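Here is a short tour of a helical packing arrangement, meant to be read with the model open beside you. Let's take a look.

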Amino acid sequence: MPEEHLASRRSLKSRDTRWAHALAGWLARSGLTPNAISLLSVVFAGGAMACFMIAGDQTSNAGILAAWLGALVCIQLRLLCNLMDGMVAVEGGKGSPVGAIYNDAPDRVADVLIMVGAGYSGAGDPGVVKLFHVIPLGWCCAVTAVWTAYIRVLGAALTGKHDFRGPMAKQHRMAVLCGGLLIEMIQHLTGHERFGILLALTLIFFGGLWTCWRRLTVLAQALRLQ
């Protein structure tokens, strides 16, 4: 396993749990490659986007629950793939020379699908796009998500170290979005004014800008000391 592949791994407590090791072992024995698991994360992100796209228009309780919970499950499965691809590659000994590409590139697609889908899920006036309303805010969050990852990779190229600092790294974005999703689902079910997704995307956007600023500041300081 090349050192640069190991250096790009985020430190996760879940990686040390028994269930994670058991699942990674089963996946390694199944013949599924780490690169395939990485691509599968994009499929689940697409599923989350599809659920988001139809969630806001549901009128029955069954439809509301199915759409919102479907998005929640797909997001969690995407994150599970992000955990498992590295574990199968490193702990399972199935890494490949192109593993770093598969580990990072599909994540950028998955982030965009989920954030944009979330933007289209919120309530709003049909045909009306307002600055920082739900739909454009989803696209803004997608841009900041890609930007945070770009700065991390740029920093690694310049200094050899990946900077995973938040407050809105990938796991933080998904946690905030899932929280907003649950709020929105409850509001949808009870007929109250819905603002859960709008709140989550607002936090993700401004938190993402702050994250980019922090990473750029630290990178600039590191380069000045070289």
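## Ground rules

Throughout this report, a contact means heavy atoms within 4.5 Å. The model is a predicted one, in which local features need pLDDT of at least 70 and side-chain atom pairs count only at pLDDT 80 or more, while totals for chains, interfaces and linings use all residues. Residues are numbered from 1 along each chain as its sequence is written, and side-chain values use heavy atoms, with hydrogens and water left out.

## Ser38 and its neighbours

Let's begin with Ser38, which sits in helix H3; helices (H or I, at least four residues) are DSSP runs numbered from the N terminus. Leaving aside residues up to four places away in sequence, Ser38 touches Asp85, Tyr102, Asn103 and Pro106.

With a relative accessibility of 3%, Ser38 counts as buried (under 20% relative accessible area, with a 1.4 Å probe and protein chains only). Its side chain makes a polar contact with the side chain of Asp85 at 2.7 Å. Such a contact is a pair of N or O atoms within 3.5 Å; within protein, one must be able to donate a hydrogen and the other to accept it, and residues adjacent in sequence count only if both atoms are side-chain atoms.

## H3 against H5

The axes of H3 and H5 come within 8 Å and cross at roughly 5°. Axes here are lines fitted to C-alpha atoms, for helices over the stretch in contact, with angles from 0 to 180 degrees between N-to-C directions. H3 and H5 are therefore roughly parallel to each other (angles under 35 degrees).

On the H3 side, the residues that meet H5 include Ser38, Val42, Ala45 and Phe52. Among their counterparts in H5 are Tyr102, Asn103, Pro106 and Leu113.

## Nonpolar cores

A nonpolar core is a set of buried Ala, Val, Leu, Ile, Met, Phe, Trp, Tyr and Cys residues joined through side-chain atoms within 4.5 Å. The largest has 32 residues, and Phe52, Ile75, Leu177, Ile197 and Leu201 have the most contacts inside it. Helices H3 (34–55), H4 (61–90), H5 (99–119), H6 (134–159), H7 (170–190) and H8 (196–225) each supply at least two residues of this core. H4 gives the most, with seven residues. A second, separate core of 10 residues includes Ala20, Ile37, Cys81 and Met84.

## Cysteines

How many disulfides does a search of the whole structure find? It finds zero, a disulfide being a pair of cysteine sulfur atoms within 2.5 Å. For Cys51, the nearest cysteine sulfur, that of Cys74, is 4.9 Å away. Cys51 is buried at 17% relative accessibility, and Cys212 is buried with a relative accessible area of 1%.

How values were computed:
Buried means under 20% relative accessible area, exposed over 50%, partly exposed in between (1.4 Å probe, protein chains only). Angles under 35 degrees count as roughly parallel, over 145 as roughly antiparallel, 65 to 115 as roughly perpendicular and the rest as oblique.
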